[in-house]
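Thanks for taking a look at this one with me. Here are my notes, in the order I would read them beside the model.

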Amino acid sequence: MGLIHSITSWIVWGVEWISIALIVCILAVPMLPDWLWIVDAKRWALSDGKLLGVVLVGVIGICRAIAKYIVEPWKWKCIKNILSSFQRDVFSKSDGASDHHRVTLYRFHKVCWLAALRGSDSCNPWGKGNYLWSGWLVPTVRAGADSAATTIFLARDADRFEGVCGAAFFQNQPVIEKKLTDLPNIVKGSSEEDIKQYADETWVTPALIQKRLSSGRPCARWFLALRVEIQYKKWGVLMIDSRSDKMPQTMYKEVSARLDQNKDVISHLLKA
């Protein structure tokens, strides 16, 4: 079964990168000078090439789905079960629904096509100066079954990143906590000063907070992010956040104790 998984992984990987290469060619051809056969190629790229580009984006999406849900579904199910158990144990005494206390595993991807779907600027939705290949932290597994993680974070380098998630990935300390006392309670109608303070403390822009509020999505009151390393290489970040206003002072110690019980199993699964 392991050999089948490996072969399937390589096939999916090959198809995905061939599709990416073809999309790059379709985008690049119209910018070339009008040399002989280039004229016909440019004409094709501007007509039928667009349709092929859309199809190739779909192929890439299918490859990602296969890689995530078919190649090794057992691994992600095991990790999800571990994180769900961790979520229940850590937040058993906290108020609110389980969806108010989230445990999400983010993985670093150098190229992320989801980046094209964010933001309001259709010309550069991934942010000025950033691109699909800038490096992103993408949600891979979230504890529980009540919600799905959709937010991605820029992770270009130590000077250009987003969120508590990005800070944990790049900064020297592998664990970052933002307590209730660090963050103002942000709701619709909060002052610009409070929104700016919250944005500064969580390494995002005030505009992103405003967008979140306008879409009816509440802001977390407590964060704990832990960098995940596999064989001394940065793999991603485990993000734990809560909307509760009653987080105990000992929460960091409780989370650390629970993680110590599971980190070796999770690390072994991620290496598999």
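1. Strand E6 (residues 222–230) and strand E7 (residues 233–242) run antiparallel, joined by 9 bridges. Strands here are DSSP E runs of at least two residues and helices H or I runs of at least four, numbered from the N terminus; two strands pair if DSSP finds at least two bridges between them.

2. Helix H8 (residues 251–271) packs on the sheet, where it touches E5, E6, E7 and strand E1 (101–109). The direction of H8 makes about 30 degrees with that of E6 (axes are lines fitted to C-alpha atoms, for helices over the stretch in contact, with angles from 0 to 180 degrees between N-to-C directions). Contact means heavy atoms within 4.5 Å.

3. A word on provenance: this is a predicted model, with local features needing pLDDT of at least 70 and side-chain atom pairs pLDDT 80 or more, while totals for chains, interfaces and linings use all residues. Residues are numbered from 1 along each chain as its sequence is written, and side-chain values use heavy atoms, leaving out hydrogens and water.

4. The open sheet has 7 strands in the order E4-E3-E2-E1-E7-E6-E5, with antiparallel pairing. Strand E4 (160–161) and strand E5 (175–178) are the edges, each pairing on one side only.

5. Overall, the protein chain holds 8 helices and 7 strands. Of its contacts with a separation of 6 or more, 63% are between residues 24 or more positions apart.
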